[in-house]
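Hi,

Here is the structure I promised to send over. Have a look, and my notes on the aromatic rings follow below.

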Amino acid sequence: MRDPVQPITKRQALANLRTILAGLFSETADIRRVADDAELDSAQIDFAGAPIRVWAAVLAEAARTDKVMQVAEVAAAQYEEERQRLTAAAEAYADAALPIACGQTISQPYIVALMSAALELTGND
């Protein structure tokens with residue numbers, strides 16, 4: 001049997017989201033506005049330094065206060081064309097059941113990955 005699929009860690013998910021956000025928002029004022037609009041406590045965030053570092057601080061506060069999805073939603077409201085990437089990155093952090101049509105959900109990504117790996121598909125199936 002193959003090695004089971006390893007889920008993305010919460011740390012990796014935040015790093016992915018941080019990279020996306022740093023590419024979209026590089027000015028301190030813009031980063032601060034996203035943090036404020038996501039209702040983060042700006043007093044807990046160090047806004048000095050390179051954008052990637054500032055986003056790390058913003059996302060650390062968002063993770064601490066369970067507002068990672070709010071940060072992604074605020075950013076997506078300003079960059080509609082990036083909504084799917086931002087939402088997917090934030091959902092990877094949550095690793096929770098995902099909504100699909102008609103009020104139903106699909107299992108969390110980790111479980112879907114495990115079930116897929118258990119199939120042991122070879123590509124010739």
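The structure has two aromatic pairs, where rings of Phe, Tyr and Trp (its six-membered ring) count as paired if their centres lie within 6.5 Å, with planes under 30 degrees apart called stacked, over 60 edge-to-face and the rest tilted. Phe25 and Trp55 make a tilted pair, 5.9 Å centre to centre with 55° between the planes. That pair links distant parts of the chain, 30 residues apart: Phe25 is in the loop between α1 (10-24) and α2 (28-37), and Trp55 is in helix α3 (residues 51-64). Helices here are DSSP runs (H or I, at least four residues), numbered from the N terminus.

One caveat: this is a predicted model, so local features need pLDDT of at least 70 and side-chain atom pairs count only at pLDDT 80 or more, while totals for chains, interfaces and linings use all residues. Residues are numbered from 1 along each chain as its sequence is written, and side-chain values use heavy atoms, with hydrogens and water left out.

Phe25 is buried at 2% relative accessible area, and Trp55 is buried at 0% (buried is under 20%, exposed over 50%, partly exposed in between; 1.4 Å probe, protein chains only). Phe25 also pairs with Tyr79: the centres are 5.1 Å apart and the planes at 90°, so this one is edge-to-face. Tyr79 lies in the loop between α4 (68-78) and α5 (83-94), so the pair ties together parts 54 residues apart in sequence. Tyr79 itself is partly exposed, at 25%. Through these ring pairs, Phe25, Trp55 and Tyr79 form a cluster.

Cheers

Technical notes:
Helix = DSSP H or I, 4+ residues; strand = E, 2+ residues; numbered from the N terminus.
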